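Visitor: I am new to this structure. Please walk me through the terms used for it.
Guide: Gladly. Take a look first, then ask.

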Amino acid sequence: MNPYIQYMYSYPHKTAYQPLTGVALEDYLPVLAGSGHGLYLHIPFCQTKCGYCNLFSVTGQDSAAMDRYLDAVERQAKQYGALLAPFRTEFSSLTIGGGTPLLLSEIQIRRMFAVLEDCFSFTAGRELVIETAPNQTTEGKLRLLKSSGATRISMGIQSFSDQELETLRRSHRADRARQALALLTSCDFPCINVDFIYGIPGQTVQSLLSSLKEALTFEPDELFLYPLYVKHGAKLEREPGDGMVLEPEAALAQYQAASAFLREQGFRQDSMRRFLRQKGQRVYSECGFGTSLALGCGGRSYLGNLHFSTPYAITRTGCLAQLAEYEATRDFTRISHGLLLSVQEQKRRYVIRHLLIQPGLSLDKYQEHFHSQAEADFPLLGQWLEEGYLERRRGEDGPDYLSLTPSGMALSDYLGPRLVSPQICQYMKEWEASHG
């Protein structure tokens with residue numbers, strides 16, 4: 001069994017999105033009334049493209065190109081803001097991802113925040129989450145984030161081994177990551193997260209633990225462990241003669257050692273990837289029906305049963321084509337690419353989103369939303385109970401949960417994909433076939 005089939009960070013994946021006709025943003029705005037919503041901004045620029053990256057990002061763009069992009073973001077933000085005004089929409093969270101958002105200059109970062117504040121309303125104490133990378137983490141930019149009220153900064157370090165960083169085609173070296181993380185921790189942000197990768201060819205349990213031990217000397221609040229994937233279209237797949245061969249069994253052994261180490265160090269494991277320096281069980285939080293509006297090329301919005309984004313692209317040619325089309329757009333209220341989820345797909349999304357993170361899937365909440373039993377709708381859940389991947393657990397708040405056991409959590413990237421519907425699988429296969 002290969003435990004690493006697919007990272008289920010959302011459902012359905014954007015490769016399953018299809019052309020849409022007759023869909024207008026105005027028809028879905030009532031779900032954004034009032035407060036409690038998320039706003040996402042995608043900044044698709046990077047210094048270099050990491051070898052494993054299959055995200056929407058482009059390299060080699062100068063300051064003028066980034067200004068053109070921000071011009072388009074401002075047009076989109078103004079159109080969205082005007083439409084939302086009658087609904088008194090207030091966003092409780094703002095997430096800025098990429099790409100590498102801090103590749104923008106300080107002037108551009110100030111402009112970015114000014115546009116967002118001018119066009120949208122935010123609740124008091126709203127969360128502000130932003131990603132950075134070692135080479136782009138500077139004192140001046142961190143001061144800007146501090147003054148803008150950033151609550152969580154996430155840095156992709158991946159390894160403190162130069163050899164492993166080279167294998168991943170990362171542009172920074174370990175010493176630069178150390179400097180950047182020291183600078184970041186000196187700024188006293190409410191939450192600092194660092195990302196690491198395991199399953200790198202040539203990596204060992206010892207080298208992975210060495211990186212994690214060094215990371216803990218900086219006292220991060222969160223730490224994410226990601227298995228290495230080389231997905232269709234990523235640089236390491238396309239490079240001729242690269243010869244990269246992943247070893248799932250070695251990766252699983254590294255995960256088991258690393259997760260045990262972090263738990264021993266007092267971290268709470270909330271999922272296969274997420275470790276927090278907090279005590280006690282994670283408080284249950286529903287995540288299947290949240291509403292989020294995205295700005296920028298490559299961002300994805302969730303408005304009820306409507307999920308939409310610009311078409312998915314990975315390669316430089318594909319990303320640049322989508323970027324040019326986005327920047328030429330004048331009417332951002334026309335939705336032309338996404339999915340309208342059926343009730344059955346909403347059920348799958350709800351199960352996937354909850355099952356893979358602690359405390360698990362609330363059986364009472366599922367029945368409340370869908371008026372049916374989760375185990376009847378998804379017989380696989382009963383099978384996984386028998387196989388020891390799931391267990392019934394009484395939550396601190398009373399309801400019964402189906403929760404991953406430690407062995408089930410280790411196999412999250414094997415179990416999750418088995419819940420994908422045949423239709424979504426077909427759409428994803430068609431995308432791969434058409435982007436060969």
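**Salt bridges, strands and a pocket**

Guide: Start with E214 and R178, which form a salt bridge whose closest N and O atoms are 2.3 Å apart. The pair joins distant parts of the chain: E214 sits in helix α6 (residues 205-216), R178 in helix α5 (residues 174-185), and 36 residues separate them. One caution: this is a predicted model.

Visitor: Why is the pair of E214 and R178 called a salt bridge?
Guide: The term asks for a side-chain nitrogen of Lys or Arg within 4 Å of a carboxyl oxygen of Asp or Glu. Here the closest N and O atoms are 2.3 Å apart, so the pair meets the cut-off. In general, side chains of opposite charge can pair when their charged atoms come close.

Visitor: What makes E214 "partly exposed"?
Guide: Partly exposed lies between two limits: under 20% relative accessible area is buried, over 50% is exposed. E214 has 22% relative accessibility, so E214 counts as partly exposed. R178 has 26%, and therefore R178 counts as partly exposed too.

Visitor: How do you know that E391 and R393 form a salt bridge?
Guide: Their closest N and O atoms are 2.6 Å apart. The cut-off is 4 Å, so the pair qualifies. E391, at 30% relative accessibility, counts as partly exposed. R393, at 26%, also counts as partly exposed.

Visitor: What makes K78 and E74 a salt bridge?
Guide: The closest N and O atoms of K78 and E74 are 3.4 Å apart. That is within 4 Å, so the name applies. Both residues belong to helix α1; because they are four residues apart, about one helical turn separates them. E74 has a relative accessible area of 22%, so E74 is partly exposed.

Visitor: Which residues are linked in a network with E74 and K78?
Guide: D71 and R111 join E74 and K78 in a network of salt bridges. Across the whole structure, a search finds 17 salt bridges.

Visitor: How do you know that β14 and β16 pair?
Guide: Pairing needs at least two bridges between the strands. Two bridges join β14 to strand β16 (residues 400-404), so the pair qualifies. The two strands run antiparallel. In β16, L402 is the bridge partner of L361.

Visitor: Why are β14 and β15 called edge strands?
Guide: The open sheet has three strands, in the order β14-β16-β15, with antiparallel pairing. β14 (361-362) and β15 (390-394) each pair on one side only.

Visitor: What makes β12 and β13 a pair?
Guide: Three bridges join them in the antiparallel sense. At least two are needed, so they pair. H307 stands opposite L339 in β13. Strand β1 (residues 18-24) also pairs with β13, antiparallel, over four bridges. There, H337 of β13 is the bridge partner of P19.

Visitor: Where does the largest share of the lining of the second largest pocket come from?
Guide: From β13, with four residues. Other elements that supply at least two residues each include α1 (63-84), β11 (300-303), β12 (306-309) and α9 (316-328).

Visitor: How many residues of that lining are nonpolar, polar and charged?
Guide: Seven are nonpolar, ten polar and four charged. The pocket holds about 460 Å³ of space. Of its 21 lining residues, S309, T310, T329, R334 and S336 are the closest to its centre.

Terms used
Residues are numbered from 1 along each chain as its sequence is written. This is a predicted model: local features need pLDDT of at least 70, side-chain atom pairs count only at pLDDT 80 or more; totals for chains, interfaces and linings use all residues. Side-chain values use heavy atoms; hydrogens and water are left out. On a 1 Å grid over the protein atoms alone, a cavity is a set of points where a 1.4 Å probe fits but cannot get out, and a pocket is an open set with protein on both sides within 12 Å along at least five of seven lines; lining residues have an atom within 4 Å of a point. Grid points are joined across faces, edges and corners, and a volume is the space filled by probe spheres set on the points. Ala, Val, Leu, Ile, Met, Phe, Trp, Tyr, Cys and Pro count as nonpolar, Asp, Glu, Lys and Arg as charged, and the others, Gly among them, as polar. Buried means under 20% relative accessible area, exposed over 50%, partly exposed in between (1.4 Å probe, protein chains only).
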